[in-house]
2 protein chains.
Amino acid sequence: MNIDVTIIGTGNMGRALATRTIAAGKSLQVLARSTETAATFAAELGSSITSGNTAEAPAGQIVILALPFDAAKEYVSAQGAALDSKIVIDISNPVDFSTFDSLTTVAGSSAAEEISALTSATVVKAFNTTFAGPLTAGSAEGTPLDVFVAGEESARNTVASFITAAGMRPIEVGALHHARELEGFQLLVMAMQVNPALPDFNWGTALKIVG
Amino acid sequence: MNIDVTIIGTGNMGRALATRTIAAGKSLQVLARSTETAATFAAELGSSITSGNTAEAPAGQIVILALPFDAAKEYVSAQGAALDSKIVIDISNPVDFSTFDSLTTVAGSSAAEEISALTSATVVKAFNTTFAGPLTAGSAEGTPLDVFVAGEESARNTVASFITAAGMRPIEVGALHHARELEGFQLLVMAMQVNPALPDFNWGTALKIVG
């Protein structure tokens, strides 16, 4: 089975990423902890989508971890050699969700780097600054969504091509350690969404470079 | 002499900030190392602008350091008690400009926090994500420029009111330590402007939250 993209997880971000993957004309596999949940999710998205359980090896060349940070670490640890030669996309934000005021990673590191340390796959950071609503649409205020990408150059280019095919604008920001800055800024953007003093920000916003 | 805003520095950012300060209807003093440079700068901007030398105490309630990081540190150290009870705005980006790949601050700190440690003034981070061109205009693609502000709440609110009066949109992101995330992300944005692979980014862009 030759699959372009495997998405791990069927939450809001998994659904948004699946929508974009289908829009890109890529073949898609969806894996979840519950085989039934994955099958229902795949059926809703289209009959050509395959599905399965996270216990099985992912088929996609690109594997997108549509998971929270801790679950993402567990997943790559459990997969071991099944991820060899894959490109794994980490979308997570290691935010302390009880305060929205700090990261759960230590200064000078990032979720993406921590995940990378647990796997032989090439980890790329992307989609951590895109909320599910705009990501489903692929656009914000009528222009393609900006998707920031950090990672090793060849893998990063592959992910950028996927993003372009999916109708969005990839912005490659360099090596994987730049996930630190992407995750750091998204802490601020997430905190805006829950700040009662900023009623215009309600999880439908997008971060964009204009001009 | 009761002055609203003193700007230290007559470079591109000083000029852009002076333009916005005048647009806000605020009284403005400009200080430079060269008295003559400051006087010429002030005369170009309007006859009501006062000017002087950085050796004298700034008159403004708000003092904007339109200076690079190292010069900003030198300035506040030299001023000492002259900055007591002032709000000092740090706009700097502690970027390694030889590589555009790292910050010159250590992980877990920020230029704003380092400057704050050198002065009795209340330091607020703002305008580090706004390039001079869009800042002069106060807008990007027809909408008010987003200006991210970090600092102690009361001083931050004062700066936010100034930004609103100057025709832009303040986004208050919390305490001064959040300058870390603002400076970190701007490293990426600056690197984009000098990246030959991204020819659309040429120092005229703006960072914006849309939607």
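**Figure 1. The annotated N-terminal domain of chain A.** UniProt, in an unreviewed entry, lists residues 5-94 of chain A as "domain: Pyrroline-5-carboxylate reductase catalytic N-terminal". Positions from that record are given in the numbering used here, feature names are shortened, and annotations may be inferred rather than shown by experiment. In this predicted model, the end C-alpha atoms of that span sit 24 Å apart, and the span is 38% helix and 26% strand. Helices (H or I, at least four residues) and strands (E, at least two) are DSSP runs, numbered from the N terminus.

A quick note on conventions for every view: residues count from 1 along each chain as its sequence is written, while chains are lettered from A and ligands numbered from 1 in the order in which they are written. This is a predicted model, so local features need pLDDT of at least 70 and side-chain atom pairs count only at pLDDT 80 or more, whereas totals for chains, interfaces and linings use all residues; side-chain values use heavy atoms, with hydrogens and water left out.

**Figure 2. The open sheet of chain A.** Eight strands line up in the order E3-E2-E1-E4-E5-E6-E9-E10 with mixed pairing; two strands pair if DSSP finds at least two bridges between them. At the edges sit strand E3 (50-53) and strand E10 (169-174) of chain A, each pairing on one side only. On average, neighbouring strands are turned by 25° against each other, direction ignored. Helix H6 (residues 153-165) of chain A packs on this sheet, touching E1, E4, E5, E6, E9 and E10 of chain A, and its direction makes about 160° with that of E10(A). Contact means heavy atoms within 4.5 Å; axes are lines fitted to C-alpha atoms, for helices over the stretch in contact, and angles run from 0 to 180 degrees between N-to-C directions.

Figure 3. Strand E1 (residues 3-8) and strand E4 (residues 60-65) of chain A are parallel and share five bridges, with Thr6(A) opposite Val63(A) in E4(A). E4(A) also pairs with E5(A), again in the parallel sense, over four bridges; here Ile62(A) stands opposite Ile87(A). Getting from E4(A) to E5(A), the chain passes through helix H3 (residues 69-79) of chain A in a right-handed β-α-β crossover. Right-handed means that, with the strands pointing away from the viewer, the path from the first strand over the helix to the second runs clockwise.

Figure 4. Buried means under 20% relative accessible area, exposed over 50%, and partly exposed in between (1.4 Å probe, protein chains only). In a regular strand the side chains alternate between the two faces of the sheet.

**Figure 5. The parallel pair E5 and E6 in chain B.** Strand E5 (residues 87-90) and strand E6 (residues 122-125) of chain B are parallel, with four bridges. Asp90(B) has Lys125(B) as its bridge partner.

**Figure 6. The largest nonpolar core.** It has 38 residues, and Phe148, Phe185 and Met192 of chain A and of chain B touch the most other members. A core here is a set of buried Ala, Val, Leu, Ile, Met, Phe, Trp, Tyr and Cys residues joined through side-chain atoms within 4.5 Å. Among the elements giving two or more residues are E9 and E10 of chain A and helix H7 (179-193) of chain B. Beyond its neighbours within four places in sequence, Phe185(A) contacts Leu207(A), plus Phe148(B), Glu181(B), Leu182(B), Phe185(B) and Leu207(B).

**Figure 7. Asn128(A), a buried loop residue.** Asn128(A) lies in the loop between E6 and helix H5 (132-137) of chain A. Its relative accessible area is 3%, so Asn128(A) counts as buried. Sequence neighbours within four places aside, its contacts include Ile91(A), Ser92(A), Asn93(A) and Gln186(A).

**Figure 8. Two positive phi values in chain B.** Ser85(B), not a glycine, has a phi of about 70°. Ser85(B) is in the loop between helix H3 (69-79) and E5 of chain B, exposed at 72% relative accessible area. Glu141(B), also not a glycine, comes in at about 50°.
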